[in-house]
Amino acid sequence: MEYIAEFAGSLVFLLGGYAYMCNVSLKKTLVSTLNYVELVIAWSLAVGLGLTTAVIMGGPAYLNPGVIFGNLILGNLSVVEGLKYLLMEFLAAGCAEIVCLIFFFDSFKASKGVSKRGIFSAYPVEKNMKLNFVQEILATFAFLFLVFTCLKATGGVTAPLQIGVVGFAAVAILALTLNSTGFSMNAMRSVFSSVWFAIIPFPNKEGEKVDWPYQLIVNLVGSSIGGILAVYATSLF
């Protein structure tokens with residue numbers, strides 16, 4: 001059941017964020033315009049509700065490959081268990097994109113010439129791989145460290161408090177990172193979804209290619225290092 005919980009929590013998290021991104025990125029939607037405050041709130045609630053869903057269903061609610069890697073290194077998970085959780089997150093990313101394709105199919109068809117890869121993966125305003133790599137490590141560490149410490153303070157078992165602390169952490173940290181990293185801080189949110197974006201036949205995505213060096217170096221390695229450091233740091237107290 002804990003693996004199903006990881007899938008369900010990841011799906012809620014990603015679907016909430018991707019649905020907002022579809023609304024602000026595609027044509028023929030009722031939103032159509034990016035609002036920075038709405039963006040932060042939408043992703044904050046998506047993460048909080050995803051976490052709450054996974055915990056209520058009996059899962060550990062990792063929802064981030066970096067967190068899984070950190071627990072593997074600390075010996076809290078076996079390799080087999082870690083791979084199963086990663087598989088659930090990967091499948092959730094694919095399902096979230098398929099659901100968005102179904103609900104926004106007409107909008108995708110109407111959005112010729114509109115970039116779509118940024119709906120499902122994070123990119124900086126100005127690409128600077130070395131700097132972005134460091135920024136991603138720092139942003140992921142700061143975000144997850146705040147989340148983990150808040151959850152320790154609440155015991156990690158009360159759903160409203162979980163939504164609140166994650167939302168607070170997101171508003172406090174994500175607002176600092178949009179320009180620098182696109183505030184991915186999660187390889188599931190960007191790298192896993194980039195794999196599915198390359199596979200799923202979204203209308204009018206011709207010519208759009210995933211920036212694999214950025215996704216693998218910054219969003220996979222960078223966010224994973226930040227996650228591992230956050231897991232280790234919060235295990236010390």
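Visitor: In which helix is Gly-226 found?

Guide: Helices are DSSP runs of H or I with at least four residues, strands are runs of E with at least two, and both are numbered from the N terminus; in this predicted model, Gly-226 is found in helix α11. Residues are numbered from 1 along each chain as its sequence is written. Local features need pLDDT of at least 70 and side-chain atom pairs pLDDT 80 or more, while totals for chains, interfaces and linings use all residues, and side-chain values use heavy atoms, without hydrogens and water.

Visitor: Is Gly-226 buried or exposed?

Guide: Buried means under 20% relative accessible area, exposed over 50%, and partly exposed in between, with a 1.4 Å probe and protein chains only; Gly-226 has 0% and is therefore buried.

Visitor: Which residues is Gly-226 in contact with, leaving aside its neighbours within four places in sequence?

Guide: Contact means heavy atoms within 4.5 Å, and for Gly-226 these residues are Ile-137, Thr-140 and Phe-141.

Visitor: At what angle do helices α10 and α11 pack?

Guide: Axes are lines fitted to C-alpha atoms, for helices over the stretch in contact, and angles between N-to-C directions run from 0 to 180 degrees. Helix α10 (residues 187-199) packs against helix α11 (residues 212-234) at about 150 degrees, with axes 8 Å apart. Angles under 35 degrees count as roughly parallel, over 145 as roughly antiparallel, 65 to 115 as roughly perpendicular and the rest as oblique, so α10 and α11 are roughly antiparallel.
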